[in-house]
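Me: I've got a protein model open and I'd like to talk it through. Can we take it one question at a time?

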Amino acid sequence: MSSKEIKKLPDAEFEIMRAIWRCSEPVTSPILTEKLRLTLPEKDWKQQTVMTMLVRLEKKAFLRSEKNGKERYYSPAVSEEEYMQVEAKSLRQRFGGARVTGLVKSLCDGGDLSEEEISDLKKWLDEQ
């Protein structure tokens, strides 16, 4: 799927994709539901809700699945990097093509960046 075809995800579907991106191998819906309950307990994830969203994400071509016995295993069809590029482009467009410098400054002014993140940003900028 090209980045032009990737659409912005609703928050709950994005959380499911984030959980799947963090898995090193394909995951079943029960395992994913448990992972979501542990990482986002405030959401009260239900098995049926997760399964419904997995079907939606597969229809949107964000996921692919493979049946193995009674279980269906899900893996990403869109990488986290591909999706984040689409989100970043959308953010810039929402702010009227604002300068990247101002956008990054706004994102970082909260003082939440660690020394490691600052170092990573400097390294990335030097490579550009």
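What follows is a short chat about this predicted model.

Me: Are helices α1 and α3 roughly parallel or roughly perpendicular?
Reply: Helix α1 covers residues 11-21 and helix α3 covers residues 47-59, and their axes are 10 Å apart. They pack at an angle of about 85°. Angles of 65 to 115 degrees count as roughly perpendicular. That makes α1, relative to α3, roughly perpendicular.

Me: How many residues in that contact of α1 with α3 are nonpolar?
Reply: On the α1 side you've got A12, E13, I16, M17 and I20, and on the α3 side V50, M53, L54, R56 and L57. Two of the contact residues are charged and no polar ones turn up. The nonpolar ones number eight.

Me: Is E13 buried or exposed?
Reply: E13 sits in helix α1 and touches M53, R56, L57 and K60, leaving out residues up to four places away in sequence. Its relative accessible area is 2%. Buried means under 20%, so E13 counts as buried.

Me: How many residues of α6 are buried?
Reply: Helix α6 runs over residues 115-127 and reaches 18 Å from its first C-alpha to its last. This helix lies largely in the open, because the number of buried residues among its 13 is zero.

Me: And what percentage of the protein's residues count as buried?
Reply: The protein has 128 residues. Of these, the share that counts as buried is 24%.

Note on methods
Residues numbered from 1 in each chain as written. Predicted model: local features only at pLDDT ≥ 70, side-chain atom pairs only at ≥ 80, totals over all residues. Heavy atoms only, no water. Axes fitted to C-alpha atoms, helices over the stretch in contact; angles between N-to-C directions. Helix = DSSP H or I, 4+ residues; strand = E, 2+ residues; numbered from the N terminus. Parallel < 35°, antiparallel > 145°, perpendicular 65-115°, else oblique. Contact = heavy atoms within 4.5 Å. Nonpolar A, V, L, I, M, F, W, Y, C, P; charged D, E, K, R; others polar. Expected span 1.5 Å × (residues − 1). Buried < 20%, exposed > 50% of the residue type's maximum accessible area, 1.4 Å probe, protein only.
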